[in-house]
Amino acid sequence: MLHNTGPLLTVDLDGSTTAETDIESESKRYIGGRGLGTKLVHDRTPFDADPLGPENRLVFATGPMQTSNMSFTGRMSCTAVSPLTDGLLSSNAGGFMSRNLADTGYGAIEFTGAAGELTVVHVTDEGCEFEPVPGLEGATVPETAAYLEEEHGIESDRTAIIGPGGENEVRFASIMTTEERAFGRGGLGAVMGSKNLKALTVGGDSRPEVDVPATAAEIHREAATDDHIMKRQGTVSVLELANEMDGLPSYYFSEQSFDGADGINGDAVEEKKYKKGTCSACAFACKLPTRDEARGVETEGPEFEVVMAFGSNSGVDDIVDVMISNELCDRYGLDAISTGNTIAAYLESEAAFGDTELIHELVGKIARREGVGDTLAEGIDRAHDELGVGNWSVKGMDFAAHEGRILHGQALSYAVANRGADHMYATFYSVEYPLVAAEDAMEPSGMDGKADRLVDRENLMALNDSGIVCKFSRDYMTPERYETLFGADFEELMAVGARTVTLERHFNNRRGFDRADDTLPYEIPELDRGIEEYYEARGWENGVVPAEALPGDTAVESSAD
Ligand code: SF4
C-alpha cells in the first residue's frame with residue numbers, strides 16, 4: 001500500500017532539541033496525513049493532556065500522493081488535542097505547503113513543549129533551526145509572511161503561520177499557510193500559540209520518489225477539462241439550492257432561509273472573482289480569489305460556510321461585507337466559520353444582526369481578546385451562557401452551513417463525529433442534496449440506511465485525509481481508482497479510515513467522551529435510532545470503543561502516562 005516514507009522529526013521547543021524516529025510501521029498502517037497524525041498523537045500524547053499545555057503534541061503530516069503531480073492533492077494535515085472540542089482533532093488545509101513538507105524528506109513533523117520566547121522553526125532536509133522572533137509579537141499573518149520573505153527569502157507557500165488569534169490562544173484560532181489557506185477548524189492555531197511557535201517553514205530537495213500510475217494523469221486531465229460549477233463559484237454554488245430547501249442557517253440558526261440570499265450567492269461571489277485560484281498541482285482550481293476595488297478589499301473566498309456564518313447567520317446580505325470579514329479572519333489567523341458563528345451569537349444577544357461595522361470590529365477584538373472579544377474568543381460552547389443565547393455547537397464545535405434539520409444523515413454525522421458539528425468529517429450532505437447521481441443519492445429526510453452509509457463516508461473521508469486526496473475529488477475518484485493509485489484493495493484502504501476514526505474515538509473516550517456527547521441542540525425524527533445503528537455498525541458500546549474493537553497495535557495506555 002502506498003504510504004508516507006521518511007522518519008518523524010520531533011521538535012522539542014522546551015530545550016530547542018530535535019530527534020528522529022522511524023515511523024515506517026505506523027505509516028504502513030495509517031498511510032500519512034490524518035491517519036498517521038492520529039496514530040502519533042494517540043500514542044504519544046497523554047490522554048489527559050491540556051490542549052494548551054506543553055504536553056500537547058502538534059503533528060504536521062503530508063501524504064504519499066503529495067509526491068505526485070495529480071490534481072486534488074495540494075492539501076495537508078495537522079493533528080493535536082483541540083482547545084475547542086477538547087478531543088483529538090485533525091485539520092486539513094489546501095495551498096502549497098504539502099509538497100514543500102514532502103521536500104524535507106520527513107514523513108511528519110511533531111512539536112512538543114513550549115519555547116521560552118516567540119520562535120520560528122525552520123525545517124529543511126539539512127536540519128532544523130530555531131529563530132527567536134520577539135519582534136513579531138502581535139504580528140498579523142501577512143506581516144509575518146512578509147518578514148519571512150524579506151529576511152529569509154522564504155515564500156508563504158512554505159510556511160505555517162499564526163496571527164494574534166493564535167498567540168492569544170483564541171480557541172478557534174487557525175494556522176495559516178500562503179496567507180489565505182487555513183488549518184481552520186478546531187483551534188490548532190492556539191496550540192501553536194501556547195507553544196510560542198509563531199511559524200514553521202519547510203523546504204528541501206529530498207522529496208521521496210514514488211511511481212504513480214497513469215490513472216493520476218487521467219484524473220488530472222478530467223479535472224482540467226471538466227466544466228464544473230465549482231470551478232466558477234466554489235462551494236458557494238450550493239447556496240441557492242440550500243436556501244430553496246429551507247436549509248440555509250440564518251440569524252444565529254433561528255431561521256433556515258434568508259431573504260437577502262441574492263446578495264451573497266454563487267453569482268455574487270463569481271462577480272467578484274478576478275482570476276483562477278488553485279492548490280498545488282490541482283487543475284480543478286475551485287478557489288475563489290475575489291476583490292472589490294471600490295471598498296479596497298482583496299481576499300480568497302469566501303466559501304459557502306463563511307458566507308453562511310458572516311452572511312445569512314449574521315443577517316448580512318452584501319458579499320463585499322462577507323469578503324471583508326473573511327480577509328480579517330485570514331489576517332488575524334482565526335477560523336472564519338467559528339468566528340462568524342460566534343459573532344452571530346453576540347449579534348443575537350445584542351439584537352444587532354446586520355451591523356457590519358460592529359461585525360468587522362469584533363473580529364479584531366476576538367483576535368486580541370479585547371473587551372467582549374475575550375468572552376467570544378472562548379467559542380459558543382463556553383460563551384453562550386454569558387451571552388444568554390442557545391448553544392449551537394456539538395462537542396464544542398459550532399455548526400457548519402449544511403442544515404441538519406433538513407438533511408438528517410448530515411445531522412446524524414454532526415451528532416456522532418469525533419470533531420463535532422463539522423461538515424467535512426463525513427460530507428454526508430453531498431449524498432442528500434438532490435444533486436448526485438441517482439444510484440448514490442439518499443432521501444434527505446429520515447434515518448433509513450443512514451448509519452451504515454455514514455460509517456462508509458467517515459471511513460472514506462479519513463482515507464482521503466490520510467492519502468491525502470481533496471474531498472472535492474468525489475466526481476473523479478472511484479474505488480477502482482483508489483485501488484490503482486494506492487496499490488491496495490479498496491476494503492483494505494477503507495479499513496485505514498476505520499482505524500483512524502476508532503483511534504480518535506478511543507483517545508476521546510479516555511478524556512471522558514461517551515454517548516452523552518453524541519447529541520444535537522435540536523430534534524430530528526429517529527436520531528436515537530440512527531445513533532444506535534451507528535454504534536452497532538462501528539462495534540462501539542454507548543459511544544465507547546471496547547477493547548476488542550481497537551486496532552491491534554493500539555497503545556491502551558499512552559506512552560506519556
Ligand atoms: S479541488 Fe479545490 S480545494 Fe481541492 S485541491 Fe483542488 S483547488 Fe484545492
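Predicted model: local features only at pLDDT ≥ 70, side-chain atom pairs only at ≥ 80, totals over all residues.
Visitor: How do you know that the ligand sits in a cavity?

Guide: A molecule is said to sit in a cavity if more than half of its atoms lie within 2 Å of the cavity's grid points, and by that rule the ligand sits in the largest cavity. That cavity has a volume of about 90 Å³, and among the 13 residues that line it, Cys279, Cys282, Cys286, Lys287 and Cys470 lie nearest its centre.

Visitor: Which residues surround the ligand, and what classes does its shell contain?

Guide: A residue is near a molecule if one of its heavy atoms lies within 4 Å of it, and the residues around the ligand are Phe72, Arg75, Thr278, Cys279, Cys282, Phe284, Ala285, Cys286, Lys287, Cys470 and Phe472. By class, this shell has eight nonpolar, one polar and two charged residues. The lining of the largest cavity, for its part, divides into eight nonpolar, three polar and two charged residues.

Visitor: Why are β13 and β14 called a pair of strands?

Guide: Two strands pair if at least two bridges are found between them. Strand β13, residues 289–292, and strand β14, residues 297–300, are joined in the antiparallel sense over four bridges, so they meet that condition. For one of these residues, Arg291, the bridge partner in β14 is Glu298. The hairpin of β13 and β14 has four residues between the strands, and in this hairpin Gly296 takes a positive phi near 65 degrees.

Visitor: What is the phi of Ile31, and where is Ile31 placed?

Guide: Phi of Ile31 is near 70 degrees, which is a positive value in a residue other than glycine. Ile31 has its place in the loop between α1, residues 24–30, and α2, residues 33–44.

Visitor: Which residues does a cis peptide bond join, with omega about 5 degrees, and which peptide bond has omega near -5 degrees?

Guide: A cis peptide bond joins Gly301 and Pro302, with omega about 5 degrees, and Pro302 lies in the loop between β14 and α11, residues 304–310. The peptide bond from Gly467 to Ile468 is also cis, with omega near -5 degrees, and Ile468 is found in the loop between α19, residues 450–467, and α20, residues 479–486.

Methods
Residues numbered from 1 in each chain as written. Heavy atoms only, no water. 1 Å grid on protein atoms, 1.4 Å probe; cavity = no way out; pocket = protein on both sides within 12 Å on 5 of 7 lines; lining within 4 Å. Nonpolar A, V, L, I, M, F, W, Y, C, P; charged D, E, K, R; others polar. Points joined across faces, edges and corners; volume = space filled by probe spheres on them. Helix = DSSP H or I, 4+ residues; strand = E, 2+ residues; numbered from the N terminus.
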